[in-house]
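Welcome! Please take a look at the structure below, and then read on for a short tour of its pockets and surface.

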Amino acid sequence: VVLREKDEQGKWHQRWILLSSSSRRSAKLEAVDKITEYNEEKEKTTIPSQSLSWLIREYIEHTMLTPKTRQNYMSMLETHIDPYFSGKKFSELTANDFSIYYKYKNEESDLSPNSVIKHHQLIHAAYEYAISGELMDKNPSDRAKKPRKIRKEPDAYSLEDYQRLFEAAKKTKIFPEIVLAMVYGLRRSELLGLRWSCIDWSKRI
């Protein structure tokens, strides 16, 4: 069997694998087995050398996530995690590496502790994905020191704020949606999920 494949520089190489079969039919079957074994061995040696960014992308791509969550995760990865851990292998990172990263993001950037905790949640989930796929034995982010979560007090609109928003919203195409959100306090998904069938015209509710 002759395998042709490219290396990291894009150059083609050939690899010869000797078969022991004496007939063409058995040789074909043996060839399939040899190629499967070769690919499995190559995958075992290649995956651990992949970067943390690769692992997180694999997790995002192969996990059931809402479009908004997927978008937020990719933004976290591309804006913060990837530039910091650029090229570092996910299999070699330790809890201390992540502790230093969280501390750096909390103290040296404009991110809040709650935002840094979201970074930890993404990294932790990616490693759990690796463990479920038997790429890792343990999650190195388990023992990482992360900032304490800050409890946020709700900052509600005043009556004057509502009046200003109402007047500004009149000029937009989404005036009905804004008024519904103001009156009922609906989340965006709840607001966009409304249907005419939600209204009871007889009871006016």
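## The largest pocket

Keep in mind that this is a predicted model. Its largest pocket has a volume of about 360 Å³. Which residues line this pocket? They are Leu 180, Tyr 184, Leu 186, Leu 191, Leu 194, Arg 195, Trp 196, Cys 198, Ile 199 and Ile 205.

If you sort this lining by class, you get nine nonpolar residues, no polar ones and one charged residue.

Leu 180, Val 183, Tyr 184 and Leu 194 make a nonpolar surface patch of about 390 Å². Among the patch residues, Leu 180, Tyr 184 and Leu 194 also belong to the lining of the largest pocket.

Let's pick out Tyr 184, which lies in helix H7, residues 175-184. Is Tyr 184 buried or exposed? Its relative accessibility is 59%, so Tyr 184 counts as exposed, as the cut-off for exposed is over 50%.

## The second largest pocket

The second largest pocket has a volume of about 210 Å³. Its lining includes Lys 68, Asn 72, Tyr 73, His 80, Leu 111, Ser 115 and His 119.

Where do these residues come from? Helix H3 (67-84) and helix H5 (113-132) each supply at least two residues of the lining. H3 gives the largest share, six residues.

By class, the lining of the second largest pocket holds three nonpolar, six polar and two charged residues.

How values were computed:
Residues are numbered from 1 along each chain as its sequence is written. This is a predicted model: local features need pLDDT of at least 70, side-chain atom pairs count only at pLDDT 80 or more; totals for chains, interfaces and linings use all residues. Side-chain values use heavy atoms; hydrogens and water are left out. Patches are made of residues with over 30% relative accessible area and no salt bridge: like charges are joined within 9 Å, nonpolar side chains (Val, Leu, Ile, Met, Phe, Trp, Tyr) within 5 Å. Accessible areas come from the Shrake-Rupley method with a 1.4 Å probe; for residues, only the protein chains shown count as cover. A salt bridge is a side-chain nitrogen of Lys or Arg within 4 Å of a carboxyl oxygen of Asp or Glu. Helices (H or I, at least four residues) and strands (E, at least two) are DSSP runs, numbered from the N terminus. Buried means under 20% relative accessible area, exposed over 50%, partly exposed in between (1.4 Å probe, protein chains only). On a 1 Å grid over the protein atoms alone, a cavity is a set of points where a 1.4 Å probe fits but cannot get out, and a pocket is an open set with protein on both sides within 12 Å along at least five of seven lines; lining residues have an atom within 4 Å of a point. Grid points are joined across faces, edges and corners, and a volume is the space filled by probe spheres set on the points. Ala, Val, Leu, Ile, Met, Phe, Trp, Tyr, Cys and Pro count as nonpolar, Asp, Glu, Lys and Arg as charged, and the others, Gly among them, as polar.
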